[in-house]
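Let's take a walk through this model together, starting with the overall fold and then stopping at a few residues along the way.

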Amino acid sequence: MGRLAEKVAVITGAASGIGAACALRFGAEGAQIVGLDVAEPAAAHRDAVEKAAPGALWGRVDVRDEASIERGVAAALARFGRIDLLVNAAGVSGFGAVDELDAEEWDRVVGINLRGTYLVSKHVVRSMKAQRSGSVVNLASVEGIEGVQAQAAYNASKGGVILLTRNM
């Protein structure tokens, strides 16, 4: 058994990128996986995770939508009875200087990166508090500390994630 045997891990953004890598690794370490993403995982990725973590649960969740998150967390708790780990990996980049960026693009990037981290944490941390244990990993970026030209929304959202994590 691995380091995460008998642990239940909720991972946002689990269909691709860093979230997908976390799902594979956590499964290899023995965790039960709850993969939440707005997209369906590719069949090969889904099969690899399910080989490592039989019984993995996949949910279509938009991290900007609180009702969607509530359903995903409720499904995880119904299936596994607890949540031990949360990895907030759902995220997007967005390009545009503050004077050129459309408000809709700002809302999309900040909504996924920062609001999503907040909302998923809100609902998962409640169950962790009730069980008196749990760990949360929020993915940010050095760009949340050091601004990068033409990355206004991304920099602001990841800076917000850093401060939210400190607050938590």
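This is a predicted model: local features need pLDDT of at least 70, side-chain atom pairs count only at pLDDT 80 or more; totals for chains, interfaces and linings use all residues.

**The overall fold**

Residues are numbered from 1 along each chain as its sequence is written, and side-chain values use heavy atoms, with hydrogens and water left out.

Taken along the principal axes, the C-alpha atoms fill a box of roughly 50 × 35 × 30 Å. Buried residues account for 45% of the 168 residues; here buried means under 20% relative accessible area, exposed means over 50%, and partly exposed is in between (1.4 Å probe, protein chains only). As for contacts (heavy atoms within 4.5 Å), take those between residues at least 6 apart in sequence: 61% of them join residues at least 24 apart.

What about charge? The chain carries 18 positive and 19 negative side chains, and the centres of the two sets lie 11 Å apart. Lys and Arg count as positive and Asp and Glu as negative, with His and the chain ends not counted; each charge is placed at NZ of Lys, CZ of Arg, CG of Asp or CD of Glu.

Now zoom in on helix H4 (residues 103–131), where you'll find Ser121. Is Ser121 buried or exposed? Ser121 is buried, at a relative accessible area of 4%. Its side chain makes a polar contact with the side chain of Asn88 at 3.0 Å. A polar contact is a pair of N or O atoms within 3.5 Å; within protein, one must be able to donate a hydrogen and the other to accept it, and residues adjacent in sequence count only if both atoms are side-chain atoms. Leaving aside residues up to four places away in sequence, Ser121 touches Leu86, Asn88, Val136, Asn138 and Met168.

His123 also lies in helix H4, and with a relative accessible area of 8% His123 is buried. Which side chain does the side chain of His123 make a polar contact with? That partner is Glu66, at 2.8 Å. Again not counting residues up to four places away, His123 touches Glu66, Ile69, Glu70 and Val73.

**Out towards the solvent side**

Ala78 and Gly116 are 38 residues apart along the chain, and their C-alpha atoms are separated by 22 Å.

Glu6, in the segment before strand S1 (8–12), has a positive phi of about 70° although it is not a glycine. Glu6 is exposed, with a relative accessible area of 74%. Ala150 sits in the loop between strand S5 (135–138) and helix H5 (152–167); though not a glycine, Ala150 has a positive phi of about 65°, and at 32% relative accessibility it counts as partly exposed.

Definitions and conventions
Helices (H or I, at least four residues) and strands (E, at least two) are DSSP runs, numbered from the N terminus.
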